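I am opening a notebook page on this structure and will set down what I looked up, entry by entry.

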Amino acid sequence: MNKPLVGAFLAALLLGAGAAPVVAAEPAQQAQEAASKTGPEAKAVTFAGTVALSNCSGSVVRSPESAPTDPALVLSNGHCLESGFPGPGEVVVDQPSSRTFTLLNASGDGVGTLKASKIAYGTMTDTDLSLYETTSTYQQIEDSYGIQALELETAHPTAGTAITVASGYWKRTYSCDIDGFVHQLKEGRWTWKDSVRYTPECQTIGGTSGSPVIDDATGKVVAVNNTGNESGQECTDNNPCEVDENGEVTVREGINYAQQTYNMVPCIGAGSKIDLNREGCGLPKP
């Protein structure tokens, strides 16, 4: 997994400046690079709507049907939960939480603090995601900070799509393409399905876990960043392997991955309530 905060510090100490945040480009430079990459009709991806957690990254997200008065949802990874990694087959729903998130503006500056009321959903089974319900509505966030939530894409992404991984923790972006999709991605005790594989340019590091993966052309969230093969090992912690439909295992050292989010959109009902029985909901149940 793209390790949380403690792992990020260890990586920085062990690997040196290559893993440290000082190598990040300035937000303005990143926006210019994104604009030149995606063309004049695409909006440059910024940090607006992303958040920094105590140990990971995340973003304020909404479904296309979310109302302004609905409680805002924060998306991150299941392995970023303050309660620790959920075990295989474990699904966390409606658990109280008082976690806080630093909300960022387009330039990556912290402009306010959002507070969770509960962990609405969290798992590392089939996918690796968490959704926090906050004490603020989407409208309150926009009125207070001028920041809109990132919209979740409702359709399966396609290979070749230009994407940006926006880390609120490091205030750093990574630009690359979707290289393809993995039937099963195995890492240690966990297995994820239909994972997004990045092209090599997205060299995400510890602390980028939970970052939104944004379609450069639409500005919508298509996945949540979660892991990468660090040292070429096969199917071990921090070294996921790919398993195809025939059971053949492939190891891609230095390649990073994300978990798709389109299949969770139907699970979000009125009032931002997570209903795992809604039609089309693709999230694992407890």
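This is a predicted model: local features need pLDDT of at least 70, side-chain atom pairs count only at pLDDT 80 or more; totals for chains, interfaces and linings use all residues.

I then looked up where the two residues sit: F101 belongs to strand β5 (residues 100–104) and Y132 to strand β7 (residues 129–137), so the pair ties together parts that are 31 residues apart in sequence. F101 is buried at a relative accessible area of 1%, and Y132 is buried as well, at 0%. I also recorded Y169 and W170 as an edge-to-face aromatic pair, with 4.8 Å centre to centre and 75° between the planes; both of these residues are buried.

**The chain as a whole**

I counted three helices and 16 strands in the protein chain. Of its 286 residues, 54% are buried, and the chain exposes about 11700 Å², of which carbon and sulfur atoms supply 49%. Among contacts with a separation of 6 or more, I found that 66% are between residues 24 or more positions apart.

**Disulfides**

How many disulfides does the model hold? I count four, and with the bonded cysteines numbered in sequence order, the pairing reads 1-2, 3-4, 5-6, 7-8.

I took C176 and C202 next, whose sulfur atoms are 2.1 Å apart; the torsion about their S-S bond is about -100°, so I noted the disulfide as left-handed. C176 is in strand β10 (residues 172–187), while C202 is in the loop between β11 (190–198) and β12 (212–215), so the link ties together parts that are 26 residues apart in sequence. Both cysteines, C176 and C202, are buried.

C235 is joined to C241 with an S to S distance of 1.9 Å, and this link is right-handed, with 95° about the S-S bond. I marked C235 as partly exposed at 21% relative accessibility, whereas C241 is buried at 0%.

For C267 and C281 the sulfur atoms are 2.0 Å apart, and the link is right-handed, with 95° about the S-S bond. C267 is buried at 0% relative accessibility; C281, at 17%, also counts as buried because the cut-off is under 20%.

**T261**

Last, I looked up T261, which is placed in the segment after β16 (256–260) and is buried, with a relative accessible area of 0%. Its side chain reaches the backbone nitrogen of A223 at 3.4 Å. Leaving aside residues up to four places away in sequence, I listed L75, L152, V221, V222, A223 and V224 as the residues that T261 touches.

How values were computed. Residues are numbered from 1 along each chain as its sequence is written. Side-chain values use heavy atoms; hydrogens and water are left out. Helices (H or I, at least four residues) and strands (E, at least two) are DSSP runs, numbered from the N terminus. Buried means under 20% relative accessible area, exposed over 50%, partly exposed in between (1.4 Å probe, protein chains only). Rings of Phe, Tyr and Trp (its six-membered ring) pair if their centres lie within 6.5 Å; planes under 30 degrees apart count as stacked, over 60 as edge-to-face and the rest as tilted. Contact means heavy atoms within 4.5 Å. Accessible areas come from the Shrake-Rupley method with a 1.4 Å probe; for residues, only the protein chains shown count as cover. A polar contact is a pair of N or O atoms within 3.5 Å; within protein, one must be able to donate a hydrogen and the other to accept it, and residues adjacent in sequence count only if both atoms are side-chain atoms. A disulfide is a pair of cysteine sulfur atoms within 2.5 Å.
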